[in-house]
Amino acid sequence: MKPEIKPGRVVILIVLSLLIIVSGYWAFVNAADREHGIKRGLDIAGGLYVLLEAVETGDQELDADAIERAITVIRMRVDELGVAEPIIAAQGDNRIRIELPDLDDVEQARNIIGRTAMLRFIGPDGVEIVTGAHLISARAERAPEFTPYPFVSIEFDQEGARLFAEATGKFLNQPIAIVLDDELISQPTVRAVITDGKATIEGTFGIEEAANLALLLRSGSLPVELRELESRLIGPTLGQRTEEIAVYAAGIGLILVLLFMVIYYRGAGLIAGVALIFYLSLVLWALNYLPTTLTLPGIAGLILSIGMAVDANVIIFERIKDELRSGRTPRSAMESGFQRAFRAILDANVTTLIVTIVLFSLASGPVRGFAVTLFIGIICSMFTAIVLTRLLMRLAFKAGMINSGAYVGVKG
């Protein structure tokens, strides 16, 4: 006896499917917004790419701290350019990668990035007291016996100590400006005459703020020389055109996949199509709100994960077909098919997840974008295939819409 169609459940299934389709459209519109949508990489948005190599100078070693200081200085300078969402990151042990999207004046950017850092202590009379060249160290410290707030301790060399002693005697109870690249980073008031070259900068800042200030102070005596290894200007028109082609290709591929699923798996294919739209919604929302950047390799990772999402549904439906051919009822075949497919889907996706983690850990630049989008895509595809597809099929069964093996393309 065929199950009775239950209009209430059919309505629930249709409404749920429509909500998923609308959410998919909404996610796509938000993601496509170039101003507030997914953050686009340089190969899509266009802009300037610069790769710098740090070269050790003086007596200080080229270590992670020196690279971090150089990155801090460059980030401050890039802020002057008003560039939105710049990427400034260490690459390897001695290189710094800079990506400045939507940049108009390339030469200005190169000049600002490449100039020597300059830290200066300036008295109330506007005269320079000491420079970063006299600064030996600057570090954040905790001193609960003095004050509940962390402070920054600094130390000058012999010449700096002499100059600073003169200045603190002259400007007692007056502020001294500390500027890095002509930008004021602190303005402490002199509370005592400092003769030994060791001073503290106190304030109501937390340990992180104190650490940042110490980092800026240390950046004023940049121990490395930065050499430009590579620079490329990517036109925004080319990037936008490339993005359009990639999205167009992805759309065509998605439509073909959906048609194949519906033709080959009938009703189950239609449900898989709805789940696939929900999968895309999840991925787009994740890319929109997570601190990620979408690059062309990232789009490739996204398209690859679409294929894996379809594969998961194919595995499930083929298992259900096997169960139906062995004589099980549609409901029993559906539950058994999902259970049998779960292990295969889990094994295949976990191994790929491990690969993406390794790739993200060892690679850099756009390859990391590929790993991130593929990772997000796999997580979302597993959820939609194992949870959402199953939920929709159960709803369809309870609604009386599944009454034979024909819903996955099995005759009889």
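**Notes on the cores, pocket and cavity of this predicted model**

1. Let me start inside the fold: the largest nonpolar core has 52 residues, and Tyr-279, Ile-316, Phe-317, Ile-320, Met-393, Tyr-407 and Val-408 touch the most other members. Here a nonpolar core is a set of buried Ala, Val, Leu, Ile, Met, Phe, Trp, Tyr and Cys residues joined through side-chain atoms within 4.5 Å. H1, H7, H8, helix H9 (330–362) and helix H10 (366–398) are the elements that give two or more residues to this core, and H7 provides the largest share, 16 residues. Helices (H or I, at least four residues) and strands (E, at least two) are DSSP runs, numbered from the N terminus.

2. A word on the ground rules before going further. This is a predicted model, in which local features need pLDDT of at least 70 and side-chain atom pairs count only at pLDDT 80 or more, while totals for chains, interfaces and linings use all residues. Residues are numbered from 1 along each chain as its sequence is written, and side-chain values use heavy atoms, with hydrogens and water left out.

3. Leaving aside neighbours within four places in sequence, Ile-316 is in contact with Gly-337, Phe-338, Ala-341, Ile-345 and Ala-385; contact means heavy atoms within 4.5 Å. Another core, of 27 residues, lies apart from the largest one and has Ile-129, Val-130, Ala-199 and Leu-213 among its members.

4. Leu-213 also turns up around Ser-186. Not counting residues up to four places away in sequence, Ser-186 touches Ile-176, Ala-177, Ile-178, Ile-201 and Leu-213. Ser-186 lies in strand S9 (residues 183–186). Is Ser-186 buried or exposed? Ser-186 is buried because its relative accessible area is 12%, where buried means under 20%, exposed over 50% and partly exposed in between (1.4 Å probe, protein chains only).

5. Helix H1 (7–32), H7 and H8 each supply at least two lining residues, and H7 gives the most, with 14. By class, the pocket lining has 21 nonpolar, three polar and four charged residues. For the classes, Ala, Val, Leu, Ile, Met, Phe, Trp, Tyr, Cys and Pro count as nonpolar, Asp, Glu, Lys and Arg as charged, and the others, Gly among them, as polar.

6. How many cavities of 30 Å³ or more does a search of the whole structure find? The search finds one, and the largest cavity has a volume of about 30 Å³. Leu-258, Met-261, Ala-272, Gly-273, Leu-276, Val-310 and Asn-313 line this cavity. Helix H7 (236–289) and helix H8 (296–325) are the elements that give two or more residues to the lining, with H7 giving the most, five residues. The cavity lining has five nonpolar, two polar and no charged residues. On a 1 Å grid over the protein atoms alone, a cavity is a set of points where a 1.4 Å probe fits but cannot get out, and a pocket is an open set with protein on both sides within 12 Å along at least five of seven lines; lining residues have an atom within 4 Å of a point. Grid points are joined across faces, edges and corners, and a volume is the space filled by probe spheres set on the points.

7. Leu-296 is found in helix H8. Leu-296 counts as partly exposed because its relative accessible area is 26%. Beyond residues up to four places away in sequence, Leu-296 touches Asp-43, Ile-44 and Thr-242.

8. Two backbone angles deserve a look. Most residues other than glycine have a negative phi. Asn-173, not a glycine, has a positive phi of about 65 degrees; Asn-173 lies in the loop between helix H5 (158–170) and strand S8 (177–180) and is exposed, with a relative accessible area of 53%. Arg-266, also not a glycine, has a positive phi of about 55 degrees. Arg-266 sits in helix H7 and counts as partly exposed at 48% relative accessibility.

9. Finally, the chain as a whole: its secondary structure comes to ten helices and eleven strands, and buried residues make up 46% of the 412 residues.
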